[in-house]
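I am opening a notebook on a structure I have not seen before. My entries follow the order in which I looked things up.

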Amino acid sequence: MKHCTSTSTCIFTLLWILPMNNVAEYLETAFSRVPSMSNKMATSNMLWQISGSKFACLAACATDARCVSCFLDGQSYCSGHSMIYRPTSSLQDSQGLWYYEVEDPASKLGCVAVPGETGYCVKLNVNKLSWSDQVTACEVENMRVASLTLDSRVTFVQQYLLGIGHAQATTIGAQLVSGTWTWISGDILSFASPHWGPGEPTSGPGEDCVIMAYGINYQLNDGQCGTLKSFLCDMYFVAN
């Protein structure tokens, strides 16, 4: 028996075999219309634009692994987007358009939503790569090596990695730059952070990257950037 290789593949298969009425019912439950976003449109983060009915539009988004929202008029206009939008996002007025978004954008994008934050998620990559290849691998998925700039993010990731039984050191997105531990986001990781493991960082030779060390419950440790490790990516999926 063949198994789906991705969420979008599974959805495509499901939509192909279901009767039309069931397809419509599925799409109605998989997407939510956001009334506060009516008569608006976005050109940012657009993946594609097609013509077709409401259900053709929603089905196109459902079967595209990158798509989490769409603007449509139910007749001839549909644009699919890689982010979700809020009234505070940069939008244009467009009479007659509706806005739909998937019920669980993080899952659709293959990441795990961090509780307490809107539109922020993390994704564990178990492939063991060096720092430069980790950066590239995250960027390919429109992510970055994770900047865990909040205490709540560090705590959540520690609990998440322990909960799934990962049991491997995992690189995150901070490096020693001119003597200062700096996240990819540009924020500073303090030497006095309570998340460092006992006696860390040791600042040993070449230890310019930060890992979450399995042996100390994923507390932070400095390590060599060239060492092959699993790594964590993150992303924001709410458009500015």
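**Entry 1: disulfides**

I start with the term I need: a disulfide is a pair of cysteine sulfur atoms within 2.5 Å. I also note that I am working with a predicted model. By that rule I count five disulfides.

My opening pair is cysteine 111 and cysteine 121, with an S to S distance of 2.0 Å. The torsion about their S-S bond is about -75°, so I write this disulfide down as left-handed. Cysteine 111 sits in the loop between α4 (105-108) and β8 (112-113), and cysteine 121 in strand β9 (residues 120-129), so the pair ties together parts that are ten residues apart in sequence. Cysteine 111 and cysteine 121 are both buried.

Next I looked up cysteine 57 and cysteine 78. A disulfide joins them, S to S 2.0 Å. The angle about the S-S bond of cysteine 57 and cysteine 78 is 70°, and the link is right-handed. Here distant parts of the chain are linked: cysteine 57 belongs to helix α3 (residues 54-62), cysteine 78 to strand β5 (residues 78-81), and they are 21 residues apart. I find cysteine 57 buried, and cysteine 78 too.

Then I turned to cysteine 209 and cysteine 225. Their sulfur atoms are 2.1 Å apart and form a disulfide. This link of cysteine 209 and cysteine 225 is right-handed, with 105° about the S-S bond. Cysteine 209 lies in strand β13 (residues 209-213), cysteine 225 in the loop between β14 (219-223) and β15 (229-236), so the pair ties together parts that are 16 residues apart in sequence. Both cysteine 209 and cysteine 225 are buried.

What about cysteine 70, and which cysteine sulfur is nearest to it? Cysteine 70 is in no disulfide, and the nearest cysteine sulfur, that of cysteine 57, is 3.7 Å away. The cut-off is 2.5 Å. Cysteine 70 has 0% relative accessibility, so I count it as buried.

**Entry 2: the nonpolar cores**

Which residues touch the most other members of the largest nonpolar core? I find Phe31, Cys70 and Phe71, in a core of 42 residues. The elements giving two or more residues to this core are α2 (20-30), α3, β4 (69-72), β7 (98-102), α5 (131-140) and β15. Helix α3 gives the most, with four residues.

I followed phenylalanine 71 further. Leaving aside neighbours within four places in sequence, phenylalanine 71 is in contact with Lys40, Met41, Ala42, Tyr77, Cys78, Ser79, His81, Tyr85, Leu91, Leu97, Trp98 and Tyr99. Apart from this core lies another, of 21 residues, among them Leu124, Leu148, Val154 and Trp196.

**Entry 3: tyrosine 99**

Tyrosine 99 was on the contact list of phenylalanine 71, and I looked it up next. I find tyrosine 99 in strand β7. Its relative accessible area is 0%, so tyrosine 99 is buried. Beyond its neighbours within four places in sequence, tyrosine 99 has contacts that include Ser32, Met37, Cys70, Phe71 and Arg86. Serine 69 is among its contacts as well. The C-alpha atoms of tyrosine 99 and serine 69 are separated by 7.4 Å, while the two residues are 30 residues apart along the chain.

**Entry 4: serine 82**

Is serine 82 buried or exposed? At 16% relative accessibility, serine 82 counts as buried, because buried means under 20%. Serine 82 lies in the loop between β5 and β6 (92-93). Setting aside neighbours within four places in sequence, I list its contacts as Asn45, Leu47, Arg66, Val68 and Leu109.

**Entry 5: cavities**

How many cavities of 30 Å³ or more are there? I count one. The largest cavity has a volume of about 30 Å³. Trp131, Thr171, Cys209, Ile211, Gln224, Cys225, Thr227 and Lys229 line it. That lining divides into four nonpolar residues, three polar and one charged. Cys209 and Cys225 in this lining are the disulfide pair from my opening entry.

**Entry 6: the whole chain**

I end with the overall view. The protein chain has six helices and 15 strands. Its C-alpha atoms fill a box of roughly 60 × 45 × 25 Å, taken along the principal axes. Of its 240 residues, 45% count as buried. Among contacts with a separation of 6 or more, 67% are between residues 24 or more positions apart.

Definitions and conventions
Residues are numbered from 1 along each chain as its sequence is written. This is a predicted model: local features need pLDDT of at least 70, side-chain atom pairs count only at pLDDT 80 or more; totals for chains, interfaces and linings use all residues. Side-chain values use heavy atoms; hydrogens and water are left out. Buried means under 20% relative accessible area, exposed over 50%, partly exposed in between (1.4 Å probe, protein chains only). Contact means heavy atoms within 4.5 Å. On a 1 Å grid over the protein atoms alone, a cavity is a set of points where a 1.4 Å probe fits but cannot get out, and a pocket is an open set with protein on both sides within 12 Å along at least five of seven lines; lining residues have an atom within 4 Å of a point. Grid points are joined across faces, edges and corners, and a volume is the space filled by probe spheres set on the points. Ala, Val, Leu, Ile, Met, Phe, Trp, Tyr, Cys and Pro count as nonpolar, Asp, Glu, Lys and Arg as charged, and the others, Gly among them, as polar. A nonpolar core is a set of buried Ala, Val, Leu, Ile, Met, Phe, Trp, Tyr and Cys residues joined through side-chain atoms within 4.5 Å.
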